[in-house]
Amino acid sequence: MPDSISNRFKMSQERLEALKEELNYLETVREKEVAELIKEARSFGDLSENSEYDEAKTEQGKLYSKIAELKVLIENAEIVDKDDENAPKDTVTLGSVVRVRDLEDGFEDSYEIVGSQEANPRAGKVSDDSPLFHGLKGHRAGDVVEVAAPAGVFKYEIVSVEND
């Protein structure tokens, strides 16, 4: 069991509920389906040369691995809606929707800052562990920031910051 806050998984209440629903589905419906596949494959006879049985056992292993992973995430969830409730309302924090302009090419994009378990860069959801968030954190609309990323240093102007 993790004994420090750094081993917690930051996520919204909605994400936690989705994980619980997925776990419930896997432990009830999917586990029964896989058990039935194994039972059916056993009925084919000799297990040493039974590819259906091997596939069903592999699927069972994947299922149990996913169940264990979900349990760890749920047990160590840290519900966060905002990174710092005391931060000024116009600054970038966890939960902010930030519009930035790349000063090199003028391209603008919006990002929602979310916990690491909800990150999905293609959907514009950036982790609070990312270099982008670390470069933007605490800044306001109009600020110019430098973000050190693995691909180099980027300069952005913060166009807007929205906090619910």
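Reader: Which residues form the negative surface patch?

Author: In this predicted model, the negative surface patch is formed by Glu 36, Glu 40, Glu 52, Asp 54 and Glu 55.

Reader: Which helices supply the patch, and which gives the largest share?

Author: Helices α1 and α2 each supply at least two residues. The largest share, 3 residues, comes from α2.

Reader: Why is Glu 55 called exposed?

Author: Glu 55, found in helix α2, has a relative accessible area of 57%. Exposed means over 50%, so Glu 55 is exposed.

Reader: Why is Glu 36 called partly exposed?

Author: Glu 36 belongs to helix α1, residues 13-42. Its relative accessible area is 44%. Buried means under 20% and exposed over 50%, with partly exposed in between, so Glu 36 is partly exposed.

Reader: How many aromatic pairs does the structure hold?

Author: The structure holds 1 aromatic pair. Its rings belong to Phe 154 and Tyr 156.

Reader: What makes these rings a pair, and why is the pair called stacked?

Author: The ring centres are 6.4 Å apart, and rings pair if their centres lie within 6.5 Å. The planes stand at 25 degrees; planes under 30 degrees apart count as stacked, so the pair is stacked.

Reader: Are Phe 154 and Tyr 156 buried or partly exposed?

Author: Tyr 156 has a relative accessible area of 13%, under the 20% cut-off, so Tyr 156 is buried. Phe 154, at 27%, counts as partly exposed.

Notes. Residues numbered from 1 in each chain as written. Predicted model: local features only at pLDDT ≥ 70, side-chain atom pairs only at ≥ 80, totals over all residues. Heavy atoms only, no water. Phe/Tyr/Trp six-rings, centres within 6.5 Å; stacked < 30°, edge-to-face > 60°. Buried < 20%, exposed > 50% of the residue type's maximum accessible area, 1.4 Å probe, protein only. Helix = DSSP H or I, 4+ residues; strand = E, 2+ residues; numbered from the N terminus. Patch = residues over 30% accessible without salt bridge, like charges linked within 9 Å, V, L, I, M, F, W, Y side chains within 5 Å. Areas by Shrake-Rupley, 256 points an atom, 1.4 Å probe, with all protein chains shown as cover. Salt bridge = Lys/Arg side-chain N within 4 Å of Asp/Glu carboxyl O. Lys, Arg positive; Asp, Glu negative; His and termini not counted. Charge placed at Lys NZ, Arg CZ, Asp CG, Glu CD.
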